[in-house]
Amino acid sequence: MKEYNKALFMFLFCFVGTISWSQNINLKIAEDSENEFNVDIYNGNQLLVHNTEEFSLKMANFDLSENVTIEAWKGDKWKGDKNHIELTRETYIPDFDLNLSITVTYQVVNGNIVKKSIDLLQTGMPTLYFTIEEKAKPAQKPSRYVTFEHDNFSGGFAHEMFPAAGFVTPDNQLVGFLMDAGYKNHYTRTTRRRFNGHGGGFVGMRKLPDPSLVVIATEEERAKNQDYIKQTFGEMYNLDAGKELKLKINNQFKKVGEVQVEKKDSIFSLNFKENNQSGFEITTPFKNQKIYTVSFLSKGTTPVAVKLFRIKDGKKTIELEHGIKYIDKFPTSEKEWTLFKGSIMVPYIESDSVSLFIGAQNAKYCELQVKDLQIVEHQPQKEPYNKMNMGEITTKTTFIFVEPWKNHHDFVVSSQIRLAEAKGFKGTPIDKMLYANFNMLTWITSIDDFSPFNVPNMNYAPDMYNRDSFFSIISSYNKELNLSIWDQWAKTQNKKGAIATIITPYMGTIEAKDNEATIEWLIWAMLNKRRFGIELPEDKIKKAVDYVLNEFDEDKDGICKAHFCLNQIDVRRYDPKTDKLAVNQGMLAIALRTIKELGYPVTEEYIEKAEKEYRNFYDTKRKHLLFDKDYPDIISLTDLEPEFFSLWLFNRPILTDEMVTNHLDQVPILNKVSNSPHPEYGTTAPLCIRLTNDKKGYAYLNTNYQPFAEFGESDYVGGALDGIYYNGGSWLRAEYSAYVVGKRHGWKKAQKLMENRTWAEINLNPDWPYSKEFIPTKWTTTDTWWPSTRGLCWNVFLLMADEVAGTRTPQMDPDFKK
């Protein structure tokens with residue numbers, strides 16, 4: 001433990017600028033000439049936040065025929081002291097013939113953080129729609145405003161990967177603003193839905209919830225001394241109401257790829273010759289923080305691809321996230337025109353322009369026509385959608401933190417750490433950051449469904465994937481989240497008993513297959529019963545048990561056979577089923593022991609046979625588990641995942657110490673960094689790699705030696721994805737869990753590599769100090785890292801891994817109850 005504490009000190013030292021400054025935050029009542037009260041926030045004797053009101057409230061009945069606004073609410077009574085103040089007021093609303101009780105509470109959490117909560121209660125109407133705006137006003141003109149993604153934000157809404165904003169005082173104090181999770185504050189950060197039909201990809205939503213969740217005063221407002229940071233909950237933009245402005249489109253277009261393009265009147269005619277992405281590009285009239293709809297008619301002999309890219313200094317950079325994306329195969333007809341229509345919310349993109357690509361992916365000897373291309377700018381109607389139900393207290397919770405301003409990097413780190421601290425969470429800085437990220441990716445399902453919903457990261461939104469939500473939610477002892485989201489997955493069970501892979505708001509999905517989803521759902525059921533003592537739905541559990549037993553071991557010989565890999569490496573289907581994957585065999589053993597604990601007849605002899613077959617994947621000559629028996633030179637850290645499950649769930653090993661330590665010794669540790677906690681080691685390990693007998697000892701996969709069939713043949717040509725994704729990418733959750741397995745089996749390097757890997761997650765790319773889907777193990781500049789990987793939620797599973805390692809206890813979770 002001494003070694004661990006020393007490394008932990010080194011890790012904490014990296015964050016000294018953000019976590020060691022103890023402030024003296026205190027509260028004071030401000031009274032106006034009408035004997036109404038609001039709260040000012042001080043740091044010692046320095047006034048930081050001086051509001052003229054606590055909030056504004058817009059309300060409407062269910063058909064939106066009656067609308068009422070309470071501007072600039074203040075309390076008419078107060079009680080408290082410098083650490084806790086409560087404002088109250090009873091208000092009669094004649095338009096609704098309704099009494100409304102409101103309480104605003106400020107609580108100093110610690111020397112750096114204030115918690116603010118607004119409680120609303122009405123007992124006269126079944127339901128009332130509402131939108132609430134909290135506007136925080138700096139006591140002095142700020143030297144700058146910052147958001148999670150921007151060091152100097154010019155104003156307007158900030159729809160970013162993590163909802164955090166702040167201002168810097170003239171004497172260099174940072175005042176930051178955060179919010180509670182969306183499932184508690186009833187917001188969603190979804191801006192798009194899956195496209196209809198079989199075209200794939202996303203389009204923007206016509207009823208867009210919470211686009212102005214975080215808003216900062218514009219430069220024009222600041223010039224008039226109107227400085228503020230505003231948080232708005234429950235506001236929906238209705239694109240099918242309000243005003244529309246048809247925009248003029250630039251007549252100039254640029255040909256892309258090997259294609260002939262002719263334009264006559266409103267029709268583009270495209271003739272494709274080569275098998276590549278080809279079409280035409282135009283520069284759109286898109287501007288910052290506006291909402292548009294792109295539409296056109298198409299017909300031809302190839303599906304249509306539609307892309308929107310940011311253009312910076314004349315160079316194409318990243319795709320826009322909040323609307324049209326991944327449209328690769330929009331179906332067309334050869335004889336009839338088909339309408340494409342998709343909206344896009346343009347976030348803050350600085351001075352970048354936006355290009356629109358229309359064409360085809362991998363088309364050869366095909367034709368396509370596009371006509372009536374149109375772009376419409378929306379001034380949508382703003383409508384309330386949050387609900388005040390009769391007799392139920394509705395609460396909005398926000399947080400303010402204060403510390404010395406250092407730089408934007410530290411603001412990003414502090415936003416995560418302070419949110420976790422504000423919620424009472426205890427742990428290391430990386431624990432807090434992962435916990436905060438998990439909270440900010442857990443919101444409501446839709447404007448009509450306030451049940452909790454968890455997405456992997458903003459790139460995957462709005463979809464909830466089973467394995468992602470499993471590893472994320474199960475890391476928390478929050479009963480509401482565990483039971484609610486587990487039950488949402490239960491509702492996806494099909495007639496065979498399988499649990500679906502994905503839930504997609506605003507669109508259906510038929511993706512229920514023999515992957516690990518149903519096994520994970522049963523594990524989750526077992527843990528919910530252990531943790532919360534609940535009664536499980538016997539009919540659904542029995543169907544899932546029967547499905548697992550019949551689907552993965554139909555002949556009951558203890559050998560797993562499946563069409564898919566039973567973990568995250570899901571890029572190939574096996575027809576017929578395969579029995580050659582180590583992780584699949586281990587997951588069958590875990591499933592059998594789980595089913596036995598759930599009370600179903602599974603003999604210990606049967607389980608032991610499955611466990612023995614898992615051990616049989618250990619190659620005594622190569623000294624590692626065989627990821628795939630057809631590719632014996634490939635090694636993967638995910639093959640230790642069943643062993644981790646066994647240690648975590650049942651506190652018993654399946655593999656021997658020799659198997660585990662030899663396996664881990666074979667995995668190359670890459671990305672050595674001199675200022676990491678243990679510079680003698682690398683900081684990241686490839687999830688999947690080929691071992692070689694040369695001096696280097698490893699090689700990335702190529703088209704001739706890879707287990708992923710068509711996926712590998714397409715993507716591994718010429719080393720294009722060396723060190724990327726499943727060709728050597730480093731995945732924190734899997735890697736860290738494997739090291740914990742090593743620690744439990746006596747592997748001496750385990751603790752040091754655990755510390756190096758968590759350090760790498762936050763520090764290897766200093767511009768991205770937060771959780772990621774994966775880190776490349778081969779790269780020359782961090783500019784090549786995929787922006788879509790930022791902020792992956794399931795890495796919070798490190799909390800459970802640390803419990804298995806013995807360095808964390810359940811009591812450190814604020815939701816834990818004995």
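Two strands count as paired if DSSP finds at least two bridges between them, and helices (H or I, at least four residues) and strands (E, at least two) are DSSP runs numbered from the N terminus. This is a predicted model, where local features need pLDDT of at least 70, side-chain atom pairs count only at pLDDT 80 or more, and totals for chains, interfaces and linings use all residues. Residues are numbered from 1 along each chain as its sequence is written, and side-chain values use heavy atoms, with hydrogens and water left out.

**View 1. Strand E9 meets strand E33.** E9 (residues 113-122) and E33 run antiparallel, joined by eight bridges. Look for Lys-116, which sits opposite Thr-398 of E33. Thr-398 is also the bridge partner of Met-179, a residue of E14.

**View 2. The eight-stranded sheet.** This open sheet goes E6-E7-E8-E9-E33-E14-E13-E11, with antiparallel pairing. At its edges are E6 (77-81) and E11 (144-147), each pairing on one side only.

**View 3. Strand E14 and its partners.** Seven of the seven residues of E14 (residues 173-179) are buried (under 20% relative accessible area, with exposed over 50% and partly exposed in between; 1.4 Å probe, protein chains only), so the strand is largely enclosed by the rest of the structure. Gln-173, Val-175, Phe-177 and Met-179 point one way, while Leu-174, Gly-176 and Leu-178 point the other. E14 pairs antiparallel with E33 (residues 394-404) over seven bridges, and with E13 (residues 165-168) over four. Gly-166 has Gly-176 as its bridge partner in E14. The E13-E14 hairpin has four residues between the strands, and Asn-172 takes a positive phi near 70° there.

**View 4. The three-stranded sheet.** Here the order is E1-E2-E3, open and antiparallel. E1 (25-31) and E3 (46-50) are the edges with a single partner strand each, so one side of each has no neighbour in the sheet. Neighbouring strands are turned by 35° on average, direction ignored. Seven bridges join E1 to E2 (residues 37-43), with Ile-25 partnered by Asn-43.

**View 5. Helix H11.** Of its 16 residues, 14 are buried, so H11 is largely enclosed by the rest of the structure. Gly-599, with a positive phi near 100°, follows H11.

Definitions and conventions. Axes are lines fitted to C-alpha atoms, for helices over the stretch in contact, and angles run from 0 to 180 degrees between N-to-C directions.
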